[in-house]
Amino acid sequence: MKKIILFSLLLACMATIFNACQKEDNPIPPDTRFPLPLVTKDTTGDEFIAGQDPGSFLGKFVVDLYYGTEVKPQKIDVVVIRNDNKANVKTIKADVTSFPAYIQVTGAQLATLFDSTIELGDKFEIGADVTTTGGQKFEAFPANDNPYGADTTTLPGSRFSIVYIADCHFNVASFDGFYTVLVKTWDYNVGDLVEVRPGSGDTILITAWPHPEFGGYIRWPMIVTVDPVTYTATVPFQAVGEYAGGPSHIIDSGTGTVSPCGDKITLSTVLSVGTYYGEQPLVLGK
């Protein structure tokens, strides 16, 4: 009986020692997930930077954590680069510690950060420099590597940066004002002014002929139809003015292009005044 009791006690001790050794040899691993940022655009802000007026841009975005608050950094610095230049990183907002963080950036702020005006086609990419609780810093735009390690790019739903581009979307309302003649024609010199106004639908109205110097005339705006996707312009057959006591000034046909920003119009028109007159350019800018 004593042997049985001693054997039972010995077995229990061995089991206890085995479990203790197992726990020591295979400790529960700490949470090794990195505090990845999650950067998304706020749809209440501008989707792109308007090329017509970049100073009016107001971008709104959210900086959150991919794994939630279970894996927090010491801080995040919100940074931006221009035209993929990783050697020139600017800070939009430093020392972000509360998430999600709702952040705004303006066109004027971007121009000030990079000390130059925003040009059509400029690309601004916004990301997050992460400082871990251990004090290690991981950059959003490292010179020769992917941010936070190459394997993170495969994570579903991850978004480490957002992009805003200075672009122009065609808006007929942009074609409004007095444009400067850029190429000499048979009746206009470079520097003369021509009135342009928005028309109905995707049309613009150009009041050009007869030239104001002739006097005693009647003018009708030339109707130009613009394709809002390709920005090609078409001028259908129409009369655009009448000379005092003379024949009507006719546009037989016309084709060309416009800038989606509304700052340039390039047309080639075939004119006649009673008889065929010939092809004339009409290149306007503002």
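Select T132 to begin. At 10% relative accessibility, T132 counts as buried; buried means under 20% relative accessible area, exposed over 50%, and partly exposed in between, with a 1.4 Å probe and protein chains only. T132 sits in the loop between β7 (123–131) and β8 (137–138). Strands (E, at least two residues) and helices (H or I, at least four) are DSSP runs, numbered from the N terminus. Now show what surrounds T132. Apart from neighbours within four places in sequence, T132 is in contact with F34, P35, Q74 and F138; contact means heavy atoms within 4.5 Å.

A word on what is on screen. This is a predicted model, where local features need pLDDT of at least 70 and side-chain atom pairs count only at pLDDT 80 or more, while totals for chains, interfaces and linings use all residues. Residues are numbered from 1 along each chain as its sequence is written, and side-chain values use heavy atoms, with hydrogens and water left out.

**Aromatic rings**

Rings of Phe, Tyr and Trp (its six-membered ring) pair if their centres lie within 6.5 Å; planes under 30 degrees apart count as stacked, over 60 as edge-to-face and the rest as tilted. F138 is partly exposed, at 28%.

Next, select Y66 and Y67. They too form an edge-to-face aromatic pair, 5.0 Å centre to centre, with 85° between the planes. Y66 is partly exposed at 22%, and Y67 is partly exposed at 24%.

**The largest pocket**

Keep F160 selected. F160 is one of the residues that line the largest pocket, among them also I81, D84, K86 and F141. The largest pocket has a volume of about 170 Å³. A pocket is an open set of points on a 1 Å grid over the protein atoms alone, where a 1.4 Å probe fits, with protein on both sides within 12 Å along at least five of seven lines; lining residues have an atom within 4 Å of a point. The volume is the space filled by probe spheres set on the points, which are joined across faces, edges and corners.

**Backbone stops**

Go to D84, in the loop between β4 (75–82) and β5. D84 has a positive phi, near 65°, and is a residue other than glycine. Most residues other than glycine have a negative phi, and most peptide bonds are trans. D84 is partly exposed, with a relative accessible area of 47%. Move on to D95, in strand β5. Phi of D95 is also positive, near 60°.

Then find F99 and P100. A cis peptide bond joins them, with omega about -5°. Jump to W209 and P210. The peptide bond from W209 to P210 is cis, with omega near -10°.

**Last stop**

Select G177, in strand β10 (residues 177–181). Buried or exposed? G177 counts as buried, at 14% relative accessibility. Its C-alpha atom is 5.5 Å from that of V196, 19 residues apart along the chain.
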